[in-house]
Amino acid sequence: MSDRRIGTAAVHAGRLPILPGDPVIAPVHRSVIYEFESAAEFGEIMADARRGYLYTRIRNPSTDELSAVIADLEGARAAHCFASGMGALTAAISVMAPPGAGVVAAKQIYGQTHRLVSAREDGRLFDIADLEGLREACEGAALVVVETLSNPNLAVADLPAICEVAHATGARVLVDNTVATPVNCRPLEWGADMVMHSATKYLNGHSDVLAGVAAGPESLMAEVRTLSLDLGATLSPDSAWLVRRGIRTLHLRVERAGQNAMRIAQYLAAHPRVRRVVYPGLPSHPAHDVARRILDGFGAMLAFEVEGGRPAGEAVMDRVRLCLRATSLGGVETCVSHPASTSHRQLSDAELEAAGIRAGDLRLAVGIEDADDLIEDLDQALR
């Protein structure tokens, strides 16, 4: 990140030099094609010998601005935008671990990522807390994939230790920083080689955009961008503009939602009908000390298990009135979901257990509402 603090960077990063009369907020550049003065100019831009725009699948001012903002926030040299988080993840893995190169991923990871890695002949899984198991899994591998804070069971990746083990074996590290956000963690500062986000979530923050982004060194990002052009996984200018708008309040939203999550986690931990609460901000979390060391905040997502297992958990989910029964996270609204039948529906019972997800677990993606109203809603649902 630049020498500006995160809140200032969220507001001002990516701005081009301002001329008298220029708009403070850049317009959406919807044009797909651009005009040239000559064949020579066209050729120079096509060959990347001259900066310019040809065709929006290749480059667009709106997506360029967003890329610059993400690179600044994550402390990266370059970034590239995608039409979805999975688009960013797939491109990053494909570049960092081409076919035949081993990929190691944490068992505690988003269900779609779990399936993507498991489907590879060279895919391997390890427990996020088992560094010796990671060392063994990295033998001959090219890439390790982890989440800073895992979805939905809030495992915390000890990024400095993981990067040290991976790099000692010659593997690189890709970190999904979606849940933590650059406000709470910047993985490249801890040694990661590339970072990605589902920008649909906290970066946009308003549940109205599908987007992804990857950031890292220029050499790697050039390869990611080339693959993106081949795949056609281009983010639209309108979506890029909306994500950029959302980032201007990222630090405020993440701070408020994190405060709410802490209050709710403490309330649930003391509730007689709740068997267990998983939130890295609680001392009871097994990686609480790691979270305190690498995070600037504990995030806005938590998981809890109601006494009575799956039927009881589903009953609580059915009774909420303010919390939304919805599967995403990172918006201004609080959403409750049942991971075993939504985000991790691809996993077998054995895989769920290995990932630390119980059949009755509920995930609460906390928004920016008044915490007292959210607690009252949960209180009536738990009766």
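Which residues of β12 are buried on one side, and which on the other? Asp361, Arg363 and Ala365 cover one face, and Leu362 and Leu364 cover the other. Burial here means under 20% relative accessible area; exposed means over 50%, and partly exposed lies in between (1.4 Å probe, protein chains only). The model is predicted, with local features requiring pLDDT of at least 70 and side-chain atom pairs pLDDT 80 or more, while totals for chains, interfaces and linings use all residues. Residues are numbered from 1 along each chain as its sequence is written, and side-chain values use heavy atoms, with hydrogens and water left out.

Strand β12 spans residues 361–365, and five of its five residues are buried. Helices (H or I, at least four residues) and strands (E, at least two) are DSSP runs, numbered from the N terminus. In a regular strand the side chains alternate between the two faces of the sheet. Strand β12 pairs with β9 (residues 301–306) in the antiparallel sense, over five bridges. Pairing requires at least two DSSP bridges between two strands. Leu302 has Leu364 of β12 as its bridge partner. Met301 stands opposite Ala365 in β12. Strand β11 (residues 335–337) also runs antiparallel to β12, joined by three bridges. Here Ser337 is the bridge partner of Arg363.

These strands belong to an open sheet of five, ordered β8-β9-β12-β11-β10, with mixed pairing. The edges are held by β8 (274–278) and β10 (324–325). Each has a single partner strand, so one side of each is left without a neighbour in the sheet.

Strand β7 (212–216) is also mostly covered, with five of its five residues buried. Gly212, Ala214 and Gly216 point one way, and Val213 and Ala215 point the other way. Five bridges link β7 to β1 in the antiparallel sense. Among the paired residues, Ala79 has Ala215 of β7 as its bridge partner. Strand β6 runs antiparallel to β7, with four bridges between them. Ser198 is the bridge partner of Gly212 in β7.

The loop between β6 (194–198) and β7 holds Ser207. Its phi is positive, about 55 degrees, although Ser207 is not a glycine. Ser207 is partly exposed, with a relative accessible area of 47%. Leu154 also has a positive phi, near 55 degrees, in a residue other than glycine. Leu154 is buried, at 0% relative accessibility. Leu154 is found in the loop between β4 and α7. Pro152 is found in the loop between β4 and α7 (159–168) as well. A cis peptide bond joins Asn151 and Pro152, with omega about 10 degrees.

Helix α5 covers residues 111–118, and its buried residues are Gly111, Gln112, Thr113, His114 and Val117. An α-helix has 3.6 residues a turn, so residues three or four places apart point the same way.

In soluble globular proteins, nonpolar side chains tend to be buried together. The largest nonpolar core has 67 residues. Such a core is a set of buried Ala, Val, Leu, Ile, Met, Phe, Trp, Tyr and Cys residues joined through side-chain atoms within 4.5 Å. Val144, Val146 and Ile247 have the most contacts inside the core. Contact means heavy atoms within 4.5 Å. Leaving aside neighbours within four places in sequence, Val144 is in contact with residues including Val104, Phe126, Leu134, Cys138 and Ile162. Arg172 is also one of its contacts.

A pocket is an open set of points on a 1 Å grid over the protein atoms alone, where a 1.4 Å probe fits, with protein on both sides within 12 Å along at least five of seven lines. The lining comprises 46 residues, each with an atom within 4 Å of a point. Arg51, Tyr53, Arg59, Asp64 and Glu65 lie nearest the centre. The elements giving two or more residues to this lining are α2 (39–46), α3 (61–74), β1 (78–82) and α9 (218–231). Helix α3 gives the most, with eight residues. By type, the lining divides into 24 nonpolar, 10 polar and 12 charged residues. Ala, Val, Leu, Ile, Met, Phe, Trp, Tyr, Cys and Pro count as nonpolar; Asp, Glu, Lys and Arg count as charged; the others, Gly among them, count as polar.
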